[in-house]
Amino acid sequence: MGSTGLPRFSAMTDNADDLYRDVILEHARHPRNAESVANPHKRARASNPLCGDELEVTLALDGETIAAIGVQVRGCAIAQASTSLMSEVVLGKTLHESDALGRAFKEMMEGTRMELPEALDSLKPLEAVRQHSSRITCTLLAWQALGKAARQEG
Amino acid sequence: MRQNSTAAPSVATIRGDFPILQRQINGRPLAYLDNAATTQKPRAVIDALVNFYERHNANTHSGVHTLSEEATALYEEARARAARFLNAPSPRCIVFTQGTTAAINLVAQGWARHHLRQGDEIVLTVMEHHSNLLPWLGVARETGAVLRYLEIDGEGRLTATGREGGGIEGAVSRATRLVAVTHVSNVLGTINPVKELARQARAVGACVVVDAAQSAPHLSLDVQALDCDFLAFSSHKVYGPTGIGVLYGKEEYLAAMEPPASGGGMVLRVERHSYEWMEPPWRFEAGTPNIAGAVAMGAALDYLDGFDREMLRRHEIELTGYALKVLGKRADLTLHGPADPAGRAGVIPFSVGGVHPHDVVEVLDGQGVAVRGGHHCCQPLMEHLGERGVVRVSLALYNERQDIDQLAHGLDRVAAIFRNDR
Ligand SMILES: Cc1ncc(COP(=O)(O)O)c(C=O)c1O
């Protein structure tokens, strides 16, 4: 018995429910746009050596518009789901629009912005990650790679 | 829980010594299983810190007033206490440092970079913590010495021969000038044969540095029996405060060492263009030291040595065996490290099939279970194991079967959340 006398095991609900919502788990298991784009116009990587997470974004452009996106990620469920959700959102947007969305998302996760823009509604399930400060970087990795790709020449 | 018939305190009594174990985490009693990162502190250590600041606080050395004399005496008593903890021949062999990392860097900067040359060999193991690796990489870069790594077998036991089941004949060569080895692996829990390594090193005249960060809490240390030249440990891993630790060095080695840091408190006499250092160990303690930390570390060593260490070790082996049994039954886990519970010092690393260590740790935290996931500052070892990270359970004297049961319950939760058929 624990010295507090409290039960150590009880019903299976806790804050993991909040973090690992079904949408997140579903995206982590079945990531969208997971095939890398053949002959991409742009390509960039991002990594978090602390977690060993690695990610690569490939883009095909139609003018300024993202016509195809591929993202390969090796990482935790939060990183995988964030990546998949991002890829859905930015497909069909211009690089400029995506960049603005990325900034809005980062501000929201880091707590300097209260509300997500409507275009990011599908990323709402990630809001719970804000309560877990060590995991916030996991949600930003894909956006970081996308920003890097967008800033590339050519 | 096994009851000992002698006067040995029960685990429940021991738990009562640690105020933090009363805490709830996410609505559950805390099952603290991250002891290899840092241990919790008993009331006696917390009281020693408070008592020092409430009753004896002053700067040490060369103060003539009463408080300064008291503070100096307490600080030097702590040095003697650390010497007894290690069975060092004299308190003069004990240098206070900020911790293990600082202690190893002190040997690297103070001794190795002045005594190693081009082509000299530094022998390490593939399981070294970055703190016992990067300082030697630095020395190698500066001096032209080369690093050579001892490998491990399938159970994480050191092998110099490449054979399964260990065997460390021929671990050193004629070119070996320094052997820097961890006594206990912070990831695998493996207990390394440092005494035998030291014997081999002695035969070729190499210096032996033992990283005892993970052995100090679990095994009785005897630097004379090990016959090492240097040994380092951190207070915070033996139930003491953070920010203080010990470098033990043989007197002849300390005498041959240059102080990498200089300033107040380490000189006898300073003139405009010359100076004269104090003797070791004070020569290596420039600036105002962590006086309260040293005193409270002394209280931690009193606390730990107040137990029958053999009895603690038996309890730990028994609990490790229980954990290995409970975890070994789970088809979703891959365990690393020695199969024999007595071959490891209360550390059990594992991975959960298809689930990132940080997701495992997060879900366990939701169940009040504190463990650590990641590379544990052992990237070369992770590469050897073919893992990017692992989850690590590490035990202390206050852990009990309930903690392991709570962990198992948490792992059920991990399995339920990350089940692949959803
Ligand atoms: C084997 C080993 N060596 C060295 C260290 C570094 O100890 P500290 O951070 O207290 O300096 C640790 C602690 O994590 C360790 O486990």
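How far does a polar side-chain atom of Gln214(B) lie from an oxygen atom of the ligand? In this predicted model, where local features need pLDDT of at least 70, side-chain atom pairs count only at pLDDT 80 or more, and totals for chains, interfaces and linings use all residues, the answer is 2.7 Å. Residues are numbered from 1 along each chain as written, chains are lettered from A and ligands numbered from 1 in the order written, and side-chain values use heavy atoms, leaving out hydrogens and water.

Thr101(B) also puts a polar side-chain atom by a ligand oxygen, at 2.6 Å. On the nitrogen side, an N or O atom in the side chain of Asp211(B) sits 2.5 Å from a ligand nitrogen. The protein covers 84% of the 400 Å² of accessible area (Shrake-Rupley, 1.4 Å probe) that the ligand has on its own. The residues around the ligand (a heavy atom within 4 Å) include His129(B), Asn186(B), His236(B) and Lys237(B). By class, this shell holds one nonpolar, nine polar and two charged residues.

Two cavities of 30 Å³ or more turn up in the whole structure; a cavity here is a set of points, on a 1 Å grid over the protein atoms alone, where a 1.4 Å probe fits but cannot get out.

Terms used. Polar contact = N/O pair within 3.5 Å; in protein donor to acceptor, adjacent residues only side chain to side chain. Nonpolar A, V, L, I, M, F, W, Y, C, P; charged D, E, K, R; others polar. 1 Å grid on protein atoms, 1.4 Å probe; cavity = no way out; pocket = protein on both sides within 12 Å on 5 of 7 lines; lining within 4 Å. Points joined across faces, edges and corners; volume = space filled by probe spheres on them.
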